[in-house]
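Let's take a walk through a protein together, one piece at a time. Have a look at the sequence and the model first, and keep both at hand as you read.

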Amino acid sequence: MYRSWSVDFPGYKPVAYTAECPKDVTCDPDIEDPNFEPRFNDYDNNVDRRRLKKHISGKHKSYALNGKYPLNPNGRTGVTGRGVLRRYGPNYLVQILISRGQSVREYIVVEPENPDELVSFPEDFVDSTEFTFIPPKLYDLLLKELSKFYDPRHATYLLEKTFKHKVELYRGFVADNRNTDNAWIEALTIEYNDPKYKGIGKIKLNPDTNPMRLKWQILDLKFFVDSINKVLSKSDMSRASKIVRAVRVFFDNLKAGSPGHIYTGLRVILSLTSLGLGVASIAG
């Protein structure tokens with residue numbers, strides 16, 4: 001829950017937290033470091049510190065600053081600092097839906113190592129979305145997998161052929177528990193579809209043999225019902241019953257195979273996971 005900066009909060013005492021940066025990741029240094037002079041609301045060398053455009057052809061909306069600290073546009077979170085994110089200000093998360101087929105679509109998903117967890121879509125943080133529509137790690141992995149069956153130049157051609165045709169599903173702020181008062185996530189979600197298996201649809205994926213544990217998965221109504229029931233079966237009934245009706249309405253209107261609904265459906269599942277809701281029957 002966020003509390004607006006426009007509303008006075010005299011007793012507000014947030015917890016300061018900035019995690020140590022992982023070894024294989026580049027993060028902003030402490031904002032109080034005298035050698036750190038970020039240009040917020042601007043393109044700062046190779047780091048875009050502007051908010052995502054509301055529309056691809058639109059303008060960047062500015063966020064407020066409190067001295068040298070950028071302020072989360074959605075308001076107070078109870079935590080200050082960079083948290084576990086890489087950058088102060090906006091952190092760009094690119095989420096990719098890659099599908100093949102038409103009437104029945106298969107999607108590339110990440111299979112969790114724990115069978116009790118849910119699948120997710122490939123995603124990665126990038127420093128700019130101006131020219132990045134496929135996270136480099138994902139692109140390299142797909143090219144490597146495709147090159148097992150085709151000449152590398154032809155594999156590159158097949159990838160590029162698919163990536164020329166994209167549908168943007170979402171761009172903007174993401175309410176995420178990693179957000180702080182001074183660092184937050186803004187996501188760009190894109191789908192690439194190979195309807196006739198002429199590009200990336202040719203790729204074969206085994207989650208046990210690729211480092212990202214990617215596989216093809218049909219995301220239909222049964223998949224969503226089974227996934228939500230898996231989540232709900234691990235919690236208490238009282239909290240779940242409050243939202244079951246709303247979820248049922250969603251599924252009554254779900255059009256299987258629609259990319260927008262597929263993405264929204266998985267977001268519903270992930271939301272239920274984070275809320276820890278209880279046992280309930282969604283399919284009834």
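What covers the buried residues of H2? Strand E7 (89-100), helix H1 (136-146) and strand E11 (183-194) are among the elements that do. The names come from DSSP runs, numbered from the N terminus: helices are runs of H or I with at least four residues, and strands are runs of E with at least two. Before going on, please note that this is a predicted model, in which local features need pLDDT of at least 70 and side-chain atom pairs count only at pLDDT 80 or more, while totals for chains, interfaces and linings use all residues. Residues are numbered from 1 along each chain as its sequence is written, and side-chain values use heavy atoms, with hydrogens and water left out.

Let's stay with H2. Its buried residues are Ala155, Leu158, Leu159, Thr162 and Phe163; here buried means under 20% relative accessible area, exposed means over 50%, and partly exposed lies in between (1.4 Å probe, protein chains only). They cover an arc of only 130° around the axis, so they sit on the same side of H2. That arc is taken from the directions from the helix axis to the C-beta atoms. Why can such residues share a side? An α-helix has 3.6 residues a turn, so residues three or four places apart point the same way.

The length of H2 can be checked as well. The expected span of a helix is 1.5 Å times one less than its number of residues. For the twelve residues of H2 (residues 152-163) this gives 16 Å, which agrees with the end C-alpha atoms being 16 Å apart. At the start of H2, a side-chain oxygen of Asp151 comes to within 2.9 Å of the backbone nitrogen of Arg153.

Now step back to the whole chain. The protein chain has five helices and twelve strands, and 45% of its 284 residues count as buried. Among contacts (heavy atoms within 4.5 Å) with a separation of 6 or more, 76% are between residues 24 or more positions apart.

Rings of Phe, Tyr and Trp (its six-membered ring) pair if their centres lie within 6.5 Å; planes under 30 degrees apart count as stacked, over 60 as edge-to-face and the rest as tilted. The whole structure holds eight aromatic pairs. Tyr2 lies in the segment before strand E1 (15-18) and Phe173 in strand E10 (residues 166-174), so the pair ties together parts 171 residues apart in sequence. Tyr2 counts as partly exposed because its relative accessibility is 23%, whereas Phe173, at 12%, is buried. Phe40, Tyr63 and Trp184 form one aromatic cluster.

Finally, find Asn210 in the loop between E11 and strand E12 (214-218). Is Asn210 buried or exposed? With 4% relative accessibility, Asn210 counts as buried. Its side chain reaches the backbone oxygen of Asn206 at 2.8 Å, a polar contact (N or O atoms within 3.5 Å; within protein, one must be able to donate a hydrogen and the other to accept it, and residues adjacent in sequence count only if both atoms are side-chain atoms). Not counting residues up to four places away in sequence, Asn210 touches Leu141, Glu145 and Leu205.
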